[in-house]
Amino acid sequence: LVVPMCDRSGLVVSVQSIQDDGSKLFWPGAPSKGTSHRLNRKGSTVTVFTEGVATGLTIFAAIPEASVVCTFSAANLPLVAAEQGPRGLTVIASDNDHETEQRLGRNPGLDAARKANAATGAGIAIPKCSIGSDWNDFYCERLAELREENLFRNGRKKTERELRAIALSELRLAVMSACVFIPHQ
């Protein structure tokens, strides 16, 4: 997957390639500071900021009234959020780098979300994952739990489509409950 990285004016200045194994590569020598990839939705009433593109795509699928701004990294999150000057319902769908926190004593995802919150006043939605660290991981973990529960369900089993809809709706509720209204200034 090749994702355009745009500057504040919308000009493509670089790309991020996401490999089959999930590794992410930036175009060598191209700028990445302050870049983002917007998943715009006509008539959206919510703006959601994310670090990664996978998280952004999952949230875009879960919240039909949202436009999503993918910032590519924790370091970019506060910068892009502040530059965009969000208005209306806004939330930062933070990463929760709990494994990094256990190893190094700091959580880059939450630190970046808090900086973005301080710069914008946007709410922060923090995923509760056991293994992963972002909202895409939350979705995948919850879907796996629902599939497991479905195996032992008495009566009619839920379809895969129903299980996915449940996991997406739980993600939607968790992210939307952290939204903050930022008035026009």
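**Exercise 1. Find how α1 and α5 are placed against each other, and which residues touch.**

Solution. Start with the axes, which are lines fitted to C-alpha atoms over the stretch in contact, with angles from 0 to 180 degrees between N-to-C directions. The axes of α1 and α5 come within 7 Å and cross at roughly 60°. That makes α1 oblique to α5. The classes are: under 35 degrees, roughly parallel; over 145, roughly antiparallel; 65 to 115, roughly perpendicular; the rest, oblique.

Next, list the contacts (heavy atoms within 4.5 Å). From α1 come Ala54, Thr55, Thr58 and Ile59. From α5 come Trp135, Asn136 and Tyr139. Four of these residues are nonpolar, three polar and none charged. Here Ala, Val, Leu, Ile, Met, Phe, Trp, Tyr, Cys and Pro count as nonpolar, Asp, Glu, Lys and Arg as charged, and the others, Gly among them, as polar.

A note on the source: this is a predicted model, in which local features need pLDDT of at least 70 and side-chain atom pairs count only at pLDDT 80 or more, while totals for chains, interfaces and linings use all residues. Residues are numbered from 1 along each chain as its sequence is written, and side-chain values use heavy atoms, without hydrogens and water.

**Exercise 2. Describe the pairing of α2 with α4.**

Solution. Take α2 as residues 76–84 and α4 as residues 108–120. Their axes come within 8 Å and cross at roughly 20°. That makes α2 roughly parallel to α4. On the α2 side sit Leu77, Pro78, Ala81 and Ala82. On the α4 side sit Ala112, Ala113, Lys115, Ala116, Ala119 and Thr120. The classes are eight nonpolar, one polar and one charged.

**Exercise 3. State which helix gives the largest share of the lining of the largest pocket.**

Solution. The largest share, four residues, comes from α1. β2 (12–18), α1 (53–62) and α5 (135–151) each supply at least two. By class, the lining has six nonpolar, five polar and five charged residues.
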